[in-house]
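Dear colleague,

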Amino acid sequence: MLTTEEIEFLETNGYLNLGQLLSPEQVKQVNDRLAELMETEGENAGAELAESKYIRHPKEEGADRLADLVNKGEVFDVFYTHPRVLAGIEAVLGQEIKLSSLNYRAAKPGKGHQKLHVDWRNSVAGGAYKVCNSIWLLDDFTPSNGSTRIVPKTHKSSLLPDEAMTDPNDKHPDEIRIIAPAGSVFIFNSHVWHGGTTNQTNQDRRSIHSYFCTREQPQQIDQKKYITEATLQRIGEKGKYILDV
Ligand SMILES: O=C(O)CCC(=O)C(=O)O
């Protein structure tokens, strides 16, 4: 599913561009469904994150969030079953993986900046990685619309950004941006230093994070708690395994 060069690139740099895995029609379908959900959930959008013990910052001023997309439409099944994505996650975490959460994040105009961070409490310089993300671009990511920043190779650092930088809000000299057309998917090792940037345009910058963990970890969203009969009927044994339901 991944070439040797792709696996090596991911291992060395902590991220990998998997290319455009969604067609323009799929991107539109997904965006239409997300807009519908934002409308119907209103103030409650992202509420499942607040119910989780395993999310440190359930609310983010300046970003729209939706959570538990697993149970909000068939259109989201691909986000945790795509073979190239699973191969990328397995290249980082090993074979024993499961979905931790499937969430929407849109950086609002004028907002979206985050300090550089990792999604784990400490550095795991030895390479026993615990968590790995895939970010699905639902708009073209450009230098000005809040594209994600990553500091390549820092998944191997023994320091976290808070420890290594005077101010992790600052631009890092080695940081790169995820710049690619809508429909593209990037794997990033969640132990690599990364963060959102300010969206300087007047339109939302939309994405879905399909976030995985090793099998012994608790999930950010307890999939057993939220799983619906409709999802169970649809996703087959492989889907159930990935969700751990
Ligand atoms: O959406 C992005 O650009 C990155 C978001 C992120 O790193 C986070 O929410 O922890």
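Is F9 buried, exposed or partly exposed? F9 is partly exposed, because its relative accessible area is 34%; buried means under 20% relative accessible area, exposed means over 50%, and partly exposed lies in between (1.4 Å probe, protein chains only).

Please note that this is a predicted model, in which local features need pLDDT of at least 70 and side-chain atom pairs count only at pLDDT 80 or more, while totals for chains, interfaces and linings use all residues. Residues are numbered from 1 along each chain as its sequence is written, and side-chain values use heavy atoms, with hydrogens and water left out.

Aromatic pairs

Rings of Phe, Tyr and Trp (its six-membered ring) are taken to pair if their centres lie within 6.5 Å; planes under 30 degrees apart count as stacked, over 60 as edge-to-face and the rest as tilted. By this rule there are three aromatic pairs. F9 and Y15 form an edge-to-face pair, because their ring planes stand at 85 degrees, with the centres 5.3 Å apart. Y15 is buried, with a relative accessible area of 13%.

F79 and W136 make a tilted pair, with 4.4 Å from centre to centre and 50 degrees between the planes. This pair links distant parts of the chain, as F79 belongs to helix α4 (residues 78-81) and W136 to strand β4 (residues 131-137), 57 residues apart. Helices (H or I, at least four residues) and strands (E, at least two) are DSSP runs, numbered from the N terminus. Both F79 and W136 are buried, and together with F76 they form one aromatic cluster.

Charges over rings

A charge sits over a ring if NZ of Lys or CZ of Arg is within 6 Å of the ring centre and within 35 degrees of the ring normal. R121 lies over the face of W120, 4.5 Å from the ring centre. The charged end of R215 is placed over the ring of Y241, at 3.7 Å from its centre.

The sheet

Six strands form an open antiparallel sheet in the order β1-β7-β4-β9-β3-β2, where two strands pair if DSSP finds at least two bridges between them. β1 (15-20) and β2 (63-66) stand at the edges with a single partner strand each, so one side of each has no neighbour in the sheet. β1 pairs with β7 (residues 184-189) in the antiparallel sense over four bridges, and Q20 stands opposite S184 in β7.

Yours sincerely
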